Amino acid sequence: CCLCGTLIQSNGANMCVGCLGERYQIAAPLDDMRAELLMCKRCGQFRTKNSGRGTRGEVWAHAELESRELLAICLKAGGVEHEL
């Protein structure tokens, strides 16, 4: 690592994970994010949109755990627009 001198496998930044985390606050925009994500216990789908009261305005989508689709749903629920 170019900052602390720890032996690491070479990467583009030439820094260890600890120094990268300290120097670049990549999770900082997500720290204050509070979002509620609902999952249907019966079918396992996640609510992606709710425009109004009741069930008429709800949109549900299937996403596997730890998938890109679920990450996109979580980011959108938190108000972060990002293309994955």
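**View 1. Contacts of the S67 side chain.** A polar atom of the S67 side chain lies 3.2 Å from the backbone nitrogen of L70. S67 sits in the loop between β2 (58–61) and α3 (68–77), helices (H or I, at least four residues) and strands (E, at least two) being DSSP runs numbered from the N terminus. With 15% relative accessibility, S67 is buried (under 20% relative accessible area; exposed is over 50%, partly exposed in between; 1.4 Å probe, protein chains only).

The model is predicted: local features need pLDDT of at least 70, side-chain atom pairs count only at pLDDT 80 or more, and totals for chains, interfaces and linings use all residues. Residues are numbered from 1 along each chain as its sequence is written, and side-chain values use heavy atoms, without hydrogens and water.

View 2. For C2, the nearest cysteine sulfur belongs to C1, 5.2 Å away. C2 is exposed, at 53% relative accessible area. For C4, the nearest cysteine sulfur is also that of C1, 3.7 Å away. C4 is partly exposed, at 42% relative accessibility.

**View 3. The chain as a whole.** The chain has 3 helices and 2 strands, in the order α-α-β-β-α along the sequence. Of its 84 residues, 15% count as buried.

How values were computed. Disulfide = S-S within 2.5 Å. Polar contact = N/O pair within 3.5 Å; in protein donor to acceptor, adjacent residues only side chain to side chain.
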